[in-house]
Amino acid sequence: MPGMWWAVGAIVLVGLVSTYLVWTAGRVERLHARAQSAARALDAHLLRRAAAAAVLAERRYGVELYAAARIALDAHPDEREAAENDLTRQLRAVQLDPVDPDCEAVVAASRRLALARQVHTDLVRDARAVRGRTLVRLLRMGRGREWPRYFDIDDPILTVPADVPTG
């Protein structure tokens with residue numbers, strides 16, 4: 001009878017370890033899926049900002065801003081960071097009018113882009129941290145997926161001068 005308790009204890013221990021391993025593998029998969037979703041959302045916000053900047057440049061500001069917006073829209077994934085940084089610099093160089101709806105659209109798109117970038121960065125950091133744990137590496141739980149990559153761009157938030165009342 002005393003040998004029976006050892007067997008029950010061993011079965012319970014194996015069950016607990018297997019549950020933990022299955023939970024950890026699921027967590028790795030969920031974090032990778034969330035990081036990929038955040039990357040797609042970030043890409044959508046990058047495209048929206050570049051399109052809004054192109055419209056603004058066509059109507060108001062000229063060739064340099066339009067060229068930067070077109071390059072950002074047409075950039076390949078490996079050139080995307082440099083193109084977006086150039087667009088951010090071009091947008092900061094122009095004086096945005098707070099009452100112009102096109103300027104308002106660019107500023108709003110830039111704010112949403114900043115939020116999407118922060119969410120993406122947080123999820124990539126979490127996925128990389130979980131994937132870097134010893135047990136996850138030893139059991140190769142993330143082997144079916146690439147390591148998530150950060151998207152490193154300048155802070156895209158634009159400042160607009162306050163509307164000064166005349167009087």
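The following questions and answers examine how terms are applied to this predicted model.

Q: Why is His120 called buried?
A: A residue is buried when its relative accessible area is under 20%. His120 has a relative accessibility of 4%, so it counts as buried. This residue is found in helix H4. Leaving aside neighbours within four places in sequence, His120 is in contact with Ala35, Ala38, Ala39, Leu42, Arg149, Tyr150 and Phe151.

Q: What makes Arg140 an exposed residue?
A: The term exposed requires a relative accessible area over 50%. Arg140 has 53%, and therefore it is exposed. Arg140 lies in the segment after helix H5 (134–138).

Q: Why is Val12 called partly exposed?
A: The relative accessibility of Val12 is 46%, so Val12 counts as partly exposed. Val12 is found in helix H1. Together with Met4, Trp5, Val8 and Leu16, Val12 forms a nonpolar patch on the surface, and the accessible area of these residues together is about 550 Å².

Q: What makes the pair Arg60 and Asp100 a salt bridge?
A: A salt bridge requires a side-chain nitrogen of Lys or Arg within 4 Å of a carboxyl oxygen of Asp or Glu. The closest N and O atoms of Arg60 and Asp100 are 3.1 Å apart, so the pair meets this rule. The pair links distant parts of the chain, 40 residues apart: Arg60 is in helix H1, and Asp100 is in the loop between H3 and H4. Arg60 is partly exposed, at 42% relative accessible area, whereas Asp100 is buried, at 13%. By this rule the count comes to 10 salt bridges.

Q: How do you know how many helical turns separate Arg70 and Asp74?
A: Arg70 and Asp74 are four residues apart in helix H2, which means that about one helical turn separates them. Their side chains meet in a salt bridge, with an N to O distance of 3.3 Å.

Q: Which residues are linked in a network of salt bridges?
A: Asp43, Arg49, Arg80 and Glu84 are linked in such a network.

Q: What makes up the largest nonpolar core?
A: Such a core is a set of buried residues of listed types, among them Ala, Val and Leu, joined through side-chain atoms within 4.5 Å. The largest one has 19 residues, and those with the most contacts inside it include Leu56, Leu65, Leu91 and Val106. Helices H1 (2–61), H2 (63–74), H3 (80–93) and H4 (101–131) each supply at least two residues of this core. H1 gives the most, with six residues. Leaving aside neighbours within four places in sequence, Leu91 is in contact with Arg49, Ala53, Leu65, Val106 and Leu158.

Definitions and conventions
Residues are numbered from 1 along each chain as its sequence is written. This is a predicted model: local features need pLDDT of at least 70, side-chain atom pairs count only at pLDDT 80 or more; totals for chains, interfaces and linings use all residues. Side-chain values use heavy atoms; hydrogens and water are left out. Buried means under 20% relative accessible area, exposed over 50%, partly exposed in between (1.4 Å probe, protein chains only). Contact means heavy atoms within 4.5 Å. Patches are made of residues with over 30% relative accessible area and no salt bridge: like charges are joined within 9 Å, nonpolar side chains (Val, Leu, Ile, Met, Phe, Trp, Tyr) within 5 Å. Accessible areas come from the Shrake-Rupley method with a 1.4 Å probe; for residues, only the protein chains shown count as cover.
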